[in-house]
Amino acid sequence: MSTVKDRVDKWFKPYAALWLTMIIGGVLVLAMALLGAEVYSDVVDEEGLARLDIPALDYSQSLRNPETDAFVTGFTNIGGGVGMPILASILTAWLTFLSRSWRPIILVGGAAAVSTTATTLGKRLVGRERPDHSEAVPPFESTPSFPSGHTLNTTVVIGVLLYIMCLQFRMLWARITAITAGVIFIIAMGLSRVFLGHHWLTDVMAGWLLGLAWVGMVILAHRLFHLTRRRENAGPAPTFEHPVVRDVVAEAMHHDRPADRSSGGGANNGG
């Protein structure tokens, strides 16, 4: 029984602040999605569509041609239910290998779970119809339109990955390159949904805002995690080799004590 308790202490306690903050933040983001669904029907009426969404869709239609449609369709599939998990898994595995810690898996996995839930709740509560198929590029989608799941999930996953990359790489040029590429990818993914006529512009804007809010909460949770560890003098975050650094140090000191005593005794005998 004590062995199980020791293992729980080693793996749960160091991440308690991280999990607690992410859970609270996740509840807040889901509440934002619910609130957005409630306010949506009062704010975005036919007049709102005429002012923003319809002009954006009309402009997108004027830019379309077979070659561009095919390219944008291929690109937007990267942010879909198959492409984004594959991309996220590859980048997360790479960062996990480089950092030799569970941090990327915990942060990306937890963040993606909440963003997916927020997308599902928002779509079910709002039930907004997508642009008509006559104004869209096939293949068509039948799920509700608000918010854009491609946009929300891409913003969250790429945003959290960018944060981890900035922690992993110290060189300024590497950080700037990663952030620039990530921001362009997030913006392009959202606009691709409007270009193809799969979403209204306000769906995409909601995805960006909800995604950025959740990324901010994930980053706050991680910073609080490190702040808590510093206050407890617990040392660096756990890694594969050393689940809890302070336990490893204590064990090393325990093994070093007999050697110190034997060497001390030899010195006294020689004196």
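Predicted model: local features only at pLDDT ≥ 70, side-chain atom pairs only at ≥ 80, totals over all residues.
**S145 and its surroundings**

S145 is located in the loop that connects α6 (103–126) with α7 (149–168). Its relative accessibility is 0%, so S145 counts as buried. The S145 side chain forms a polar contact of 2.2 Å with the side chain of D203. Beyond the neighbours within four places in sequence, the residues in contact with S145 include K123, R128, E129 and R130. H198, H199, W200 and D203 are also among the contacts of S145.

**The largest nonpolar core**

The largest nonpolar core has 28 residues, of which V160, I164 and W214 touch the most other members. The greatest contribution is that of α7, which gives ten residues.

| Helix | Residue range | Residues supplied to the core |
|---|---|---|
| α7 | 149–168 | ten |

**Helix α8**

With 24 residues, α8 extends 34 Å from its first C-alpha to its last, close to the 34 Å expected at 1.5 Å a residue. Buried positions in α8 include A174, A178, G182, F185 and I186. M189, G190, S192, R193, V194 and F195 in α8 are buried as well. Just after this helix, G197 adopts a positive phi of about 75 degrees.

How values were computed: Residues numbered from 1 in each chain as written. Heavy atoms only, no water. Helix = DSSP H or I, 4+ residues; strand = E, 2+ residues; numbered from the N terminus. Buried < 20%, exposed > 50% of the residue type's maximum accessible area, 1.4 Å probe, protein only. Polar contact = N/O pair within 3.5 Å; in protein donor to acceptor, adjacent residues only side chain to side chain. Contact = heavy atoms within 4.5 Å. Core = buried A, V, L, I, M, F, W, Y, C linked by side-chain atoms within 4.5 Å. Expected span 1.5 Å × (residues − 1).
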